[in-house]
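Please open the structure in your viewer and keep the selection tool at hand. We will go through it one selection at a time.

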Amino acid sequence: MSPDTTTKKTETKWPIVEPYEVPTPPTNLIFDDGEPLESNRHRIAINVLIESAQAALAGREDFFVGGNMFVYYSSLQVLNRDFRGPDVFVVLDVDGTRDRQGWVVWEEEGRYPDMIIELLSPSTAHVDREEKKHLYERTFHTTNYFIFDPFDPQSLKGWQLDNKQRYQPLEIDGSGWLWCETLQLWLGIWEGQIRREPAKGTCYWLRLFDREKNLILLPEEIAEQEQQRAEQERQRGEQERQRAEQEQQRAEQEQQRAEQERQRAEQEQQRAEQEQQRAEQEQQRAERLAARLRELGEDPDAI
């Protein structure tokens, strides 16, 4: 190459890239579809389970318990208006102090429910056993899923994810109960009346129990228990008062008997003293008579 030869640099032209707009999650969410619950018993059963779960987890703030509220997990779901509202669900290790109208997964750092309970009814049983079970297993990866028909005490069933993220059925124990590993609680059947349901007699309810199978009490049951304890304390107090009064009466009677014995002893002493005085007086009279007879020259012993 000659000294006077010049070298031209070739400029590389990069294509102009338009700024990428990150899609925003949907905001037009519906939190109430206006559909009523299957029955009054279903409504009460949901509230019972929610309140029981809240009571069992009391003392911590890193959980959320929801019921009969929608769970939103994808934009396509919102677009298709495919509402999914578990009857009862629990999410652990989340901020439990937030107000929520529903559970929106993309607002919860991708968290899904850890435990779900569906209450079966004739209109939902197939969906709960098939479609929802598949959804909770494959999409939600919910650790524990349970189903129960409030009108059939033999209907309780449950599943737990295995290490391959597939549901395996849980074994019923001797009491007909299922262990929930997620909550470290038993789900069992309890017979009774709750909030005037049924109107007459009793029915079967799905309830939560602690590890030792003690029933997780509802607020009104706790209040009733406290009332019973207060009544028992009142009765014990009344019994103690009555016992104290009886002891006081016995003490007074003993005091009266002691006083009567003292008086009798005094009377006996007085009688003894009187007898002694009479004897002394008799002796004195005998001595005076003997002296008088001797003065008269008579022998007292001869009389």
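Begin by selecting helix 1 (residues 40-56), which lies across strand 1, strand 3 (88-92) and strand 5 (115-119), and which runs at about 175° to strand 1. Helices (H or I, at least four residues) and strands (E, at least two) are DSSP runs, numbered from the N terminus, and angles run from 0 to 180 degrees between N-to-C directions, with axes being lines fitted to C-alpha atoms, for helices over the stretch in contact. This is a predicted model, in which local features need pLDDT of at least 70 and side-chain atom pairs count only at pLDDT 80 or more, while totals for chains, interfaces and linings use all residues. Residues are numbered from 1 along each chain as its sequence is written, and side-chain values use heavy atoms, with hydrogens and water left out.

Next, select the six strands that form an open sheet of mixed pairing, in the order 1-3-5-6-7-8; two strands pair if DSSP finds at least two bridges between them. Strand 1 (63-67) and strand 8 (167-169) stand at the edges with a single partner strand each, so one side of each is left without a neighbour in the sheet.

Now select strand 7 (residues 152-161), which pairs with strand 8 in the antiparallel sense over three bridges; there, Y167 in strand 8 is the bridge partner of L161.

Finally, select I117, and ask which residues it touches, not counting residues up to four places away in sequence. I117 touches L49, D87, V88, F146, L187 and L206, where contact means heavy atoms within 4.5 Å.
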